[in-house]
Amino acid sequence: MSAATTRSRTPDRLCAEAVDLARAAAEEAAAPGVVGEHAGTVSEGDRVVTHFFECRELGYRGWRWAVTVARASRAKIVTVDEAVLLPGPDAVLAPEWVPWSERLRPGDMGPGDLLPTDADDLRLEPGYSGEDEPPPNSVVSHEMADLVEAEDADVTGDAPARLPLTPSRGSIAAVAEELGMRRARVLSRYGLHTAADRWEEAFGAKTPMAQSAPASCVSCGFLVPIGGSLGQAFGVCANEFSPADGRLVSLAYGCGGHSEAAVMPRPPQPAAPVVDETRVDPFPLRPAPDSGSVPVTEDETSADLGHS
């Protein structure tokens, strides 16, 4: 270990003793009554020492006022370099700042919110605008194009009233229009795969609902097919009672609302009541004399006892 390193780790005596000077600088920078007890010193270099004081301000638990003092070589006067509030080892700190683009989660957008997309977003790639149409499909030759550029003029295929509003059928622009490529940017292969993985995870074959379904969506009558390459693996559910109603579902997904899951049996119909209106059933208003449990007797003595 060199002598310079040893000197830098040993606090300078005059700087270490300048506690009152450091406290006065901390109290000048802080509010009254905020600077607490002296909490130690740290040697920052030759004749440079930092004094720490406890911070009593609410909301800054574990923070310390740090006042750095120094003196020139062969000088006996100590001066203040800076006074700042720094977090200590046990300080309460705010979480690390995260950009808004990384904090955004699905469902955070509301009415009126705008979500700008980066120019180099990996999920998108340039589409076909027709500006870079190759010469074999151009309506103007190279010579005419040079002449038009020199004369600063515009060339049209016909009178403006007769020009079509849509690309002519069979041209590259028409094919791009049919494929949905005539946009500034379209989905890249990476964006396509990430979207498919996200939809597969939400409504795919590995979900608990699909594992207990009687059949998959590929044979369900409520499945609405979609175009493009995604139509080979996904569709839109149109069953209002399904948990995936209006969502893109995998063809291997399934739920209990499958159109062919079960045929509901018709409820049993009770037979119509039969009423015989030609027969009359007599109904006695009083019981017969011989309907009791005691036989009828003609003895007058027993009649007084109340037997029937």
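**Overall make-up.** I began with the secondary structure, and the protein has nine helices and nine strands. I took these as DSSP runs numbered from the N terminus, with helices being H or I of at least four residues and strands being E of at least two.

**Ground rules.** This is a predicted model, so I noted that local features need pLDDT of at least 70 and side-chain atom pairs count only at pLDDT 80 or more, while totals for chains, interfaces and linings use all residues. Residues are numbered from 1 along each chain as its sequence is written, and side-chain values use heavy atoms, with hydrogens and water left out.

**Surface and burial.** Of the 308 residues, 20% count as buried. Buried means under 20% relative accessible area, exposed over 50%, and partly exposed in between (1.4 Å probe, protein chains only).

**Contacts.** I count a contact when heavy atoms lie within 4.5 Å. Among contacts with a separation of 6 or more, 50% join residues 24 or more positions apart.

**Cores.** I then searched for nonpolar cores, meaning sets of buried Ala, Val, Leu, Ile, Met, Phe, Trp, Tyr and Cys residues joined through side-chain atoms within 4.5 Å. The largest has 17 residues, and A26, V35, F53, W65, V67 and V69 have the most contacts inside it. Helix 3 (19-29), strand 2 (48-55) and strand 3 (63-70) each give two or more residues to this core. Strand 3 gives the most, with four residues. Another core, of eight residues, lies apart from it and includes C217, C237, A244 and V249.

**R47.** Where does R47 sit? I found R47 in the loop between strand 1 (35-45) and strand 2. R47 counts as partly exposed because its relative accessibility is 28%. Leaving out residues up to four places away in sequence, R47 touches D12, C15, V69, A70, R71, A72 and S73. I also noted A16, 31 residues from R47 in sequence and 9.1 Å away in space, C-alpha to C-alpha.

**Cysteines.** How many disulfides does a search of the whole structure find? I got zero, taking a disulfide as a pair of cysteine sulfur atoms within 2.5 Å. For C237, the nearest cysteine sulfur is that of C255, 5.9 Å away. C237 counts as buried because its relative accessible area is 11%, and C55 is buried at 12% relative accessibility.
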